[in-house]
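Biologist: I am new to reading models like this one. Could you take me through a close look at a single part, and then show me what lies elsewhere in the chain?

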Amino acid sequence: MDFVAIYLLMLLCLNIFTNSFSKGIPQPSCIKSERQALLKIKQQLKHSNMLAVWNARNEDCCKWVRVFCNIVTGHVTELQLGSSNDTIASSRSKKARSLKLGGKLSPALLDLKHLSYLDLSNNDFDPTQIPDWFWNLTSHLQYLNISGNQFQGKIPDLLTNQASLVLDLSFNNFTGSLPGISLNMTVLDLSNNVLSGSMSQFLCHKKHQMKLEVLNLEGNHLSGEIPDCWEKWRSLVAIELCNNNFSGGIPSSMGALTSLESLHLRNNHLEGEIPDSLTNCTQLLTLDFAANHLSGEIPPWMGERLSKLIIISFQSNRFHGHVPEQICGLSSLQILDLSHNNLSGNIPSCINNLTAMISRKSSCSKISYNTSKGCFFDNMELMVKGTMLDYSNTLGLIKLVDLSDNNLSGEIPEEMTMLTGLLSLNLSKNHLVGKIPSNIGAIKTLECVDLSENNLSGKIPDSMSELSFLSYLNLSYNKLTGQIPTGTQLQSFSASSFLGTKLYGPPLPTPKTLVPASNIVGGQVDSRKQVDWNFIWMEFGFWCGFLCVACPLLFTNSGDACIFRILT
């Protein structure tokens with residue numbers, strides 16, 4: 001959930017506005033004590049080429065790069081010392097590393113009494129424990145981001161912040177249990193650390209309503225059941241608990257979160273059924289329950305009460321029963337992933353009512369959620385083209401139906417071809433029969449089609465040759481017959497895309513035919529079948545003559561006399 005980027009964008013726009021507004025108005029220079037504090041901060045840092053202009057000769061620190069001051073008082077209010085994600089990706093280069101900060105955190109930060117925004121993300125600080133004094137900054141900061149570093153140790157309880165706080169400590173090596181937080185915390189991102197233990201102490205026994213809107217605990221070692229005490233967290237807009245070791249069921253008290261828009265519980269050990277109380281979460285846009293042990297039927301009320309859903313990802317669970325027809329009522333749905341379950345019955349013919357999959361355009365490449373601090377972007381792991389990929393910046397462009405590895409039967413409904421904005425269609429590993437819809441070529445945007453391991457029959461429709469964006473195709477292990485349409489990009493796929501069928505033509509190898517014996521190398525085989533009688537009579541004569549001479553020698557007593565008589 002990338003709420004940081006949009007928050008930075010808002011601040012940048014605000015700075016541009018204030019700078020434009022203040023042109024022609026005398027600007028106060030920075031406070032001398034704060035300039036000295038900044039120089040002390042720089043002394044503790046290394047790899048600080050980007051802070052070269054921070055020097056005593058340049059007296060107005062408000063004009064230093066990455067320093068922002070109040071235009072009225074001249075106090076330093078923001079330090080934007082984070083490195084971009086692009087720099088992380090190319091951090092092996094010397095140029096990229098020169099743009100990263102390292103070294104130690106300086107207690108001179110405490111001298112910046114009016115500082116409200118501090119970004120130290122994605123740098124190269126030493127893998128050390130955060131000093132105790134540093135946490136005192138949270139009492140007056142509104143934004144603190146130290147993500148993407150190597151900081152270690154335990155996170156203390158953060159109960160003193162007076163202002164609403166956005167706190168991002170993700171992608172570090174923090175250990176221990178979850179910290180206690182004050183009711184003024186607005187955004188808390190502790191994802192991708194080594195935190196362990198239960199959520200109970202963090203979540204339960206609250207006397208007042210908490211103001212937290214975003215909670216991200218993804219990628220830790222948290223365990224136990226998800227506590228059933230969410231009634232005091234009604235401001236939550238997004239919850240991310242993926243990739244932990246949670247067990248038990250989905251707590252029914254989550255139904256109290258009526259502002260909830262995004263719920264990610266992927267890759268835990270959750271079991272049981274989806275609680276009916278989630279019918280109250282009518283603002284939900286994303287439901288991600290993939291890779292758990294959830295069971296029961298997919299609730300029909302999802303298609304009736306959760307009408308704003310954009311993403312449903314229930315793959316790799318134990319759901320059974322039919323795909324409810326009520327899902328067809330989700331006109332905003334762009335991603336439907338029910339793969340790797342025990343679903344049976346037919347694919348609903350009303351699937352063409354998923355109108356968001358009909359449009360070939362998308363209003364935004366990202367799926368975002370609004371909070372009091374701005375927007376954040378959702379992310380999702382999806383299986384596309386046989387590979388699990390993490391989508392964030394382009395998630396809003398993905399339109400996908402994946403019903404693979406179930407027990408679905410019947411035919412592929414012709415109505416499926418009306419989803420003309422679909423990018424990926426995976427119906428593999430089911431018991432589907434009949435023909436591939438003849439008008440499948442109408443889905444011009446298709447990049448991935450997997451219909452393998454079914455009982456589909458007939459020919460490949462000629463319209464499939466019209467799928468000019470198709471880059472992944474698997475029709476193997478069906479009862480398909482006939483020639484693969486030629487003169488199209490279908491010949492560019494490997495033969496494995498068509499194995500286990502009765503198809504023929506490129507790219508399948510030409511079958512070897514049996515050549516009649518009479519046609520082999522000038523009739524040499526036939527000549528072997530013909531009898532050469534002259535050769536046989538010569539052989540017969542030779543052996544007869546030989547025996548006539550040899551036998552008397554073997555059976556007479558005076559061989560020498562016999563020989564003499566013959567010779568004379």
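Modeller: I will start with how to read the model, then go to one glutamate, one isoleucine and some strands.

This is a predicted model, in which local features need pLDDT of at least 70, side-chain atom pairs count only at pLDDT 80 or more, and totals for chains, interfaces and linings use all residues. Residues are numbered from 1 along each chain as its sequence is written, and side-chain values use heavy atoms, with hydrogens and water left out.

pLDDT is the predictor's confidence in each residue, from 0 to 100. The protein chain averages 86, and 82% of the residues score at least 70. Residues 86–96 fall below 50; beyond near neighbours in sequence, that stretch has eight contacts in the model. A contact means heavy atoms within 4.5 Å. Residues 517–530 are also below 50, with six such contacts. Where pLDDT is low, the predicted coordinates should not be read in detail.

Find E213 in the loop between α5 (200–203) and β13 (214–216). These labels are DSSP runs numbered from the N terminus: helices are H or I, at least four residues, and strands are E, at least two. E213 is buried, yet has no salt bridge. Buried means under 20% relative accessible area, exposed over 50%, and partly exposed in between (1.4 Å probe, protein chains only). A salt bridge puts a side-chain nitrogen of Lys or Arg within 4 Å of a carboxyl oxygen of Asp or Glu. For E213, the nearest side chain of opposite charge is K373, 8.0 Å away. Lys and Arg count as positive, Asp and Glu as negative; His and the chain ends are not counted.

What does E213 have instead? Its side chain makes a polar contact of 2.5 Å with that of S372. A polar contact is a pair of N or O atoms within 3.5 Å; within protein, one must be able to donate a hydrogen and the other to accept it, and residues adjacent in sequence count only if both atoms are side-chain atoms. Not counting residues up to four places away in sequence, E213 touches T186, S235, L236, V237, A238, T371 and S372.

Next, I367. This residue lies in the loop between β24 and β25 (368–371). I367 is buried too, with a relative accessible area of 7%. Beyond four places in sequence, its contacts include I310, F376 and L395.

Last, the strands. β22 (residues 318–322) runs parallel to β20 (residues 293–297), joined by three bridges. Strands pair if DSSP finds at least two bridges between them. Three bridges also join β22 to β24 (residues 342–345), again parallel.
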